[in-house]
Amino acid sequence: MSLLRRRKPINESSDSKPLLEKEEEEHHEEDPDEDEDDGSGKNKKTPSKIKKKPPPPQSKWSCLDTCCWFIGCICITWWLLLFLYNAMPASFPQYVTEAITGPLPDPPGVKLKKEGLEAKHPVVFVPGIVTGGLELWEGRECAEGLFRKRLWGGTFGEVYKRPLCWVEHMSLDNETGLDPCGIRVRPVSGLVAADYFAPGYFVWAVLIANLARIGYEEKTMYMAAYDWRLSFQNTEVRDQTLSRIKSNIELMVATNGGRKVVVIPHSMGVLYFLHFMKWVEAVAPMGGGGGPDWCSKHIKAVVNIGGPFLGVPKAIAGLFSAEAKDIAVARALAPGFLDNDIFQLQTLQHVMRMSRTWDSTMSMIPRGGDTIWGGLDWSPEEGYSCSKKREEDDTQITDQAGAENAVCKVRSANYGRIISFGKDVAEEPSSDIERIDFRGAIKGLSAANTTCRDVWTEYHDMGFAGIKAVAEYKTYTAESIVDLLHFIAPKMMARGTAHFSYGIADNLDDPKYKHYKYWSNPLETTLPNAPDMEIFSLYGVGLPTERAYVYKLSPHAECSIPFKIDTSADDEDTCLRDGVYSVDGDETVPVLSAGFMCAKGWRGKTRFNPSGIRTYIREYNHSPPANLLEGRGTLSGAHVDIMGNFALIEDVIRIVAGASGEELGGDQIHSNIFKWSEKINLQLEKKTSSR
C-alpha cells in the first residue's frame with residue numbers, strides 16, 4: 001500500500017501534463033547526454049533542460065507551399081486548356097469567333113480562286129530595312145555556340161543573354177561599312193528570311209499564304225534577301241546579291257514559259273530595287289551588264305508597298321538622337337533610364353553607335369531638299385488638318401467668311417522646318433529668328449570622360465562648343481539637314497555620301513549620274529526604257545506620321561546624347577504632340593514621300609520617266625481592328641501591318657495573275673497627294689540645249 005501511495009502522485013502529475021511534454025521528459029531521462037555528474041556519482045538533471053518547454057505547435061503550411069500550390073494550379077490549368085484546344089475540332093475557334101463577330105470574309109486568295117484566278121507571273125519579294133533575318137557565320141569568342149543562329153529576327157534571345165556581344169556583332173566597320181575583322185553576319189536565305197519578323201509577327205507570311213491559295217509555290221516565288229545594313233552597292237561587293245537577283249529573275253522567266261516577273265518591294269526594298277534596275281542595265285564592272293532593255297524583257301510590273309521614294313524625316317531623328325516619337329516618350333516617362341548604365345549597357349548610346357555603322361540608314365535621308373520638303377516658311381502639306389472635326393470646322397469657316405478669313409483663323413505647322421530648337425522657334429516667322437551658322441564653327445574639347453565606358457559616338461569629338469553651335473542655328477530644313485549630319489557625324493557621312501545622293505539632277509545626261517551613288521534617288525536617275533512595264537505605289541494613309549521635330553539640349557551632354565526631342569511641346573492646332581509634328585501617312589512614310597513620284601515625278605513622259613512607263617497610286621485608308629478577335633492588319637494602313645491588308649493583297653494577286661493597272665481600276669486616292677504634288681515646283685521636262 002505504501003508503494004501505491006508513493007507512486008500515485010507521480011502518475012497524477014504525469015497524467016496532468018500534455019502528451020508532447022510527457023514524451024519530452026521521457027526523452028530527457030533516456031538520453032545520457034542530457035545528464036551531468038555532480039561529483040557524488042549520481043546523475044543530476046540540468047536545470048535548463050528540466051525547465052525548457054517545447055515551442056507551441058506551428059502550422060505546417062508555409063508561403064512556399066502556397067506559391068507551389070498556386071504555380072501547380074496554373075500549370076494544370078494551362079495543360080488542361082492546351083489539351084482541350086488540341087482535342088477540339090479545328091473549326092471550333094472559327095465558330096466561336098463568328099458567333100461573336102459574325103461571318104468572317106474569305107481570305108483574298110480563297111475569294112479570287114473562286115473567281116478563277118490562277119498563278120501566272122513569277123513573283124519576287126524585296127524586303128525592307130530590319131525585316132530580314134541575319135545569322136552568324138563567324139564571330140568572336142563571346143559568340144561561341146551561335147554558328148548559323150539568328151542574331152536578327154526570330155526570338156532576339158541573344159540581345160538579353162549577351163547584349164554587348166550582340167551589339168559588337170551587329171555593327172559594321174566604321175571606316176569601310178563592311179564586316180569587322182573576325183565577324184561574318186549574313187542574310188538568311190529563302191522565303192523564311194522575312195515571312196515572320198518574330199514569332200507571331202508576320203511580314204510577308206500572309207501575302208505568301210494567299211498567293212499559295214491560287215497556285216503559287218516556292219519555285220514561282222523568290223525572296224530577294226540581302227543584308228539590309230550595307231549600302232546597296234556593297235551588297236554586291238561583299239555578297240554578289242544583285243547578281244543573284246539578276247540570275248534568279250532570268251531563271252524564273254525561262255522556267256515559266258517566258259512570263260515576266262512581278263517584283264514586290266516593301267519599305268527600303270523599294271529604294272534597293274530602284275538601285276537594282278539601274279545596276280542591271282549598267283556596264284560591268286560597276287553594273288550587271290544586262291543592257292538597256294533587260295528590265296523590259298524580264299519585268300511585267302513593280303508593285304511598291306510603303307515606298308520611301310523621297311526618304312523619311314524619321315530617319316533624321318534616328319541619326320541625330322537615336323530616337324523617334326516612341327522612344328522620346330519613353331525617355332520622358334522614365335527620365336535617364338535609357339541614357340544610364342543598365343547592366344553596363346548605355347542603351348541609346350550603343351544603339352547610336354551600332355546604327356551609325358549601317359550605311360543603309362543614310363539611304364532614307366530626305367531627298368530633293370527644300371524644293372520637295374519645303375523651306376522655313378512653306379511646305380507642300382501646309383494647311384493639313386489632324387482631325388476630321390477640324391476639317392469640317394475649316395470648311396464652315398471658309399463658307400461663312402471666305403478663304404482669306406479661314407487662313408487667318410487656322411494656324412498651320414511649318415513642316416519645312418524639320419528640326420527646330422524650341423517650340424517658339426518652330427512657330428515664329430523666319431525673319432524674327434536669329435541664327436548663327438554652324439558650318440564653320442570650331443569644335444571644342446572632347447566631351448567624353450571616363451564615366452562613359454568608352455561608348456563611341458561622334459558627339460564626343462564635337463565637344464561642347466560644337467554642340468552649342470548646332471543649337472544656335474535654331475532650325476533646319478531638308479537642305480541644311482545634310483550639312484548638319486556632315487557636321488555632327490563626319491565619319492558616317494563620309495561613307496554615306498560615297499553611296500547615296502540627296503539632290504535633284506539639273507541634267508540627267510551628265511555622265512556623273514552614271515555613278516551608283518545616284519541610282520536609288522528617283523530625282524537623280526531615270527526609269528528604265530520599258531514602256532510596257534507598270535509601276536504601282538501602294539501605301540497606307542490615315543495615320544499620324546512623323547514630319548518635323550522640336551528639340552532641346554540635354555543637360556548632361558558629357559555622357560548622354562546631347563540632343564533630345566522635347567516631349568513637353570504640344571499644340572493640337574498644328575498637329576504637334578510630344579515634340580513631333582505629324583502629317584498623313586502610314587506612321588513611318590509620309591504621303592508626300594510615298595506618292596509624289598507616281599503622282600507627278602513619273603506621271604506620263606517626264607525627264608525622270610523618258611519611256612512613259614504607266615504609274616498608278618493605290619492608297620488604303622487605315623481602319624483599326626474592331627475587336628481583339630479581328631486578324632492583325634486586315635484593314636490596316638500601318639507601314640508593316642498593311643502587308644496583311646485584305647484589299648492590298650487582293651490588288652497584288654490580281655496584278656500577278658495578269659491584270660493591268662487600268663483593269664485594277666486605276667488610281668485609288670484618299671489623301672491630298674495630287675494637291676500637295678502640284679505645290680512642288682519641279683522641272684519635269686528635259687532641258688533643250690540653246691545655241
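**View 1. Helices α10 and α12 of the predicted model are roughly perpendicular to each other (angles of 65 to 115 degrees).** The axes of α10 (residues 232-239) and α12 (residues 268-281) cross at roughly 65° and come within 9 Å. Axes are lines fitted to C-alpha atoms, for helices over the stretch in contact, and angles run from 0 to 180 degrees between N-to-C directions. Helices (H or I, at least four residues) and strands (E, at least two) are DSSP runs, numbered from the N terminus. From α10, F232, Q233, T235 and E236 meet M268, L271, Y272, H275 and W279 of α12, where contact means heavy atoms within 4.5 Å. The residues of this contact comprise five nonpolar, three polar and one charged; Ala, Val, Leu, Ile, Met, Phe, Trp, Tyr, Cys and Pro count as nonpolar, Asp, Glu, Lys and Arg as charged, and the others, Gly among them, as polar.

Residues are numbered from 1 along each chain as its sequence is written, and side-chain values use heavy atoms, with hydrogens and water left out. Because this is a predicted model, local features need pLDDT of at least 70 and side-chain atom pairs count only at pLDDT 80 or more, whereas totals for chains, interfaces and linings use all residues.

**View 2. Helix α10 is largely enclosed by the rest of the structure, since seven of its eight residues are buried.** Buried means under 20% relative accessible area (1.4 Å probe, protein chains only). The buried residues of α10 are F232, Q233, N234, T235, E236, R238 and D239. Their cover includes β6 (184-187), α11 (241-254) and α12. Q240 follows α10 and has a positive phi, near 55°.

**View 3. Six strands with parallel pairing form an open sheet in the order β9-β3-β10-β11-β14-β19.** Each of the edge strands β9 (221-223) and β19 (614-621) has a single partner strand, so one side of each is left without a neighbour in the sheet. The twist averages 15° from one strand to the next. Strands pair if DSSP finds at least two bridges between them; β10 (residues 261-265) and β11 (residues 299-305) pair in the parallel sense over three bridges. A301 in β11 is the bridge partner of V262.

**View 4. Helix α9 (residues 205-213) packs on the sheet.** Helix α9 touches β3 (123-126), β9 and β10, and its direction makes about 175° with that of β3. Helix α23 (residues 591-601) also packs on the sheet, touching β14 (534-541) and β19, with its direction at about 155° to that of β14.

Conventions. Parallel < 35°, antiparallel > 145°, perpendicular 65-115°, else oblique. Buried < 20%, exposed > 50% of the residue type's maximum accessible area, 1.4 Å probe, protein only.
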